[in-house]
Amino acid sequence: QVQLVESGGGMVQAGDSLRLSCAASGRTLSTYTMGWFRQAPGKEREFVAAIMWSVGTTYYAESVKGRFTISRDNAKNTVYLQMNSLKPEDTAVYYCAAKIGRLTGQPYNYNYWGQGTQVTVSS
């Protein structure tokens, strides 16, 4: 069992930066992949980024490459999503998720989910 608690969402203007945090508890994360997803009203859930905890290998959606960075803090058991150069189309509820094993951008392969945090980017 893994519990995920997200924080850091808010309202910003286009071009601004924001950092989301996801604190994990319950089990050692050394064998896990951690991911970020987002969902806007009326749209399907979309993969954003993922990181393999043990070695730090990352994977990004094409739409956020060069702007977003996923990272981890072993001491705090926390994964971060640094979002730079934000655009209005980044507006969504952002979810932290976890799964055992290799990197993947497929949401149905993730077993554990956080409650979500709202990110709103205005023009």
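## Open sheet

Two strands pair if DSSP finds at least two bridges between them. Strands (E, at least two residues) are DSSP runs, numbered from the N terminus. In this predicted model, local features need pLDDT of at least 70 and side-chain atom pairs count only at pLDDT 80 or more, whereas totals for chains, interfaces and linings use all residues. Residues are numbered from 1 along each chain as its sequence is written, and side-chain values use heavy atoms, with hydrogens and water left out.

Four strands form an open sheet in the order E1-E3-E8-E7, and their pairing is antiparallel. The edges are strand E1 (3–7) and strand E7 (68–73); each has a single partner strand, so one side of each is left without a neighbour in the sheet. From one strand to the next the twist averages 20°, where axes are lines fitted to C-alpha atoms and angles run from 0 to 180 degrees between N-to-C directions.

E1 and strand E3 (residues 18–25) run antiparallel and are joined by five bridges. Leu4 stands opposite Ala24 in E3.

## Aromatic pairs

The structure holds six aromatic pairs. Rings of Phe, Tyr and Trp (its six-membered ring) pair if their centres lie within 6.5 Å; planes under 30 degrees apart count as stacked, over 60 as edge-to-face and the rest as tilted. The ring centres of Phe37 and Tyr110 are 5.0 Å apart and the planes stand at 80°, so this pair is edge-to-face. Phe37 belongs to strand E4 (residues 32–39) and Tyr110 to the loop between strand E9 (92–100) and strand E10 (112–113), so the pair ties together parts that are 73 residues apart in sequence. Both Phe37 and Tyr110 are buried, that is, under 20% relative accessible area; exposed means over 50% and partly exposed in between (1.4 Å probe, protein chains only).

Tyr95 and Trp113 also form an edge-to-face pair, at 6.5 Å centre to centre with 80° between the planes. Because Tyr95 lies in strand E9 and Trp113 in strand E10, this pair ties together parts that are 18 residues apart in sequence. Tyr95 is buried at a relative accessible area of 16%, while Trp113 counts as partly exposed at 28%.

Phe37, Phe47, Tyr59, Tyr95, Tyr110 and Trp113 are linked by ring pairs into a cluster.

A charge sits over a ring if NZ of Lys or CZ of Arg is within 6 Å of the ring centre and within 35 degrees of the ring normal. Arg45 lies over the face of Tyr95 at 4.0 Å from the ring centre, and over the face of Trp113 at 4.8 Å from the ring centre.
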